[in-house]
Amino acid sequence: MGGYAHPEYLVSTDWLADHLEDPHVRVLDVTAKLDARLVNHAQEACFDAGHIPGALPFDVPSGRGVLSNPDEPLPWMWPTPAQFVATMHDYGIGPETRVVLVARTPRAGIDSGTMWCTRAWWTMHHMGVDVAVLRGGLERWEAEARPVTTAPSSITEAHPFVVDDGWERARATQGDVTAALQSPTCVVDALPPDSFDGTGTSYGPRSGHIEGAVNVPYRSLIVAETAEFVGADAMRDTLSRAGLFDQPAVITYCGGAIAATVDAFCLRLCGYENVSVYDGSLMEWSADPSLPMA
């Protein structure tokens, strides 16, 4: 992982293969295969057919998934600390656990494994979990003929998890974005160019982007699915050309705060710390006609 400011945010297939028997390593599979109701079918469609030994299915992608607050009106909103602690307990994750997030991309252009890995990483890292993403995902793991199994995995109880006091620094609200538009803070749209300019997919009743935002499509930061990130120099060049390293703070967004975490993760990977993700993103923003879009 040479050249990144924080190479520990990624692990290689070699590293994971060497640590499969480590009782303090927990592999979580966050693969997505969503239907129109935002229900994830990846466990039966993908995981049960073969997974990394010891891995557990970790349903982040469902609209009311394991890292979402079921009491919020929008899907994929951040869990409360109490909800998060309960989930960590259910999956045997404690302060001593090293979590590795893995995924595949079942349908190209639809089920990006990259963005579900970074969404899980963004939440877990800022809640205080020692967590990393498997670079190259299950596609690379299988291409290298690494072991897979259909055997179920067991969960061992871990010490109680305590949430980091500063977890909220990673999450931006609608109010934060509104204030950012009147300040030097840079607002970044992580969606494709045709969504940004309003000619492609819309995420809510209005097309386009938040007025004043700059576009850094998350796919410009990967060379392939899943989690096959561009090299450190290319990543810095893409983010630098957008002027992000010169900003006092950055808020990223997308349709539902999933793809936005790819941009945010890459900024952190390169050592830029003052970045947050707009939790409601366009699903919230575009529904309010009083908020500016272009």
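Two strands are said to pair if DSSP finds at least two bridges between them. Helices (H or I, at least four residues) and strands (E, at least two) are DSSP runs, numbered from the N terminus. The structure is a predicted model, in which local features need pLDDT of at least 70 and side-chain atom pairs count only at pLDDT 80 or more, while totals for chains, interfaces and linings use all residues. Residues are numbered from 1 along each chain as its sequence is written, and side-chain values use heavy atoms, with hydrogens and water left out.

**Strand pairing**

An open sheet is formed by five strands in the order S1-S5-S4-S2-S3, with parallel pairing. Strand S1 (10–11) and strand S3 (56–57) stand at its edges; each has a single partner strand, so one side of each is left without a neighbour in the sheet. The partner relation of S3 can be given by residue: Leu 56 in S3 is the bridge partner of Leu 28.

Strand S7 (residues 186–189) pairs with strand S11 (residues 250–253) and also with strand S8 (residues 214–215). Cys 186 has Val 250 in S11 as its bridge partner, and Asp 189 stands opposite Asn 215 in S8. The table sets out three pairings.

| Strands | Sense | Bridges |
|---|---|---|
| S2 (residues 25–29) and S3 | parallel | two bridges |
| S7 and S11 (residues 250–253) | parallel | four bridges |
| S7 and S8 (residues 214–215) | parallel | two bridges |

**Burial**

Burial is expressed as relative accessible area: buried means under 20%, exposed over 50%, and partly exposed in between (1.4 Å probe, protein chains only). Strand S7 is covered on both faces, with Cys 186 and Val 188 buried on one side and Val 187 and Asp 189 buried on the other.

Helix H9 (residues 260–269) is mostly covered, 10 of its 10 residues being buried. After H9 comes Gly 271, which has a positive phi, near 100°.

His 159 lies in the loop between helix H5 (137–143) and strand S6 (171–172). Is His 159 buried or exposed? His 159 counts as exposed because its relative accessibility is 56%.

Contact means heavy atoms within 4.5 Å. With its neighbours within four places in sequence left aside, His 159 is in contact with Ile 93, Gly 94, Pro 95 and Glu 96. His 89 is 70 residues away from His 159 along the chain, and 8.4 Å separates their C-alpha atoms.
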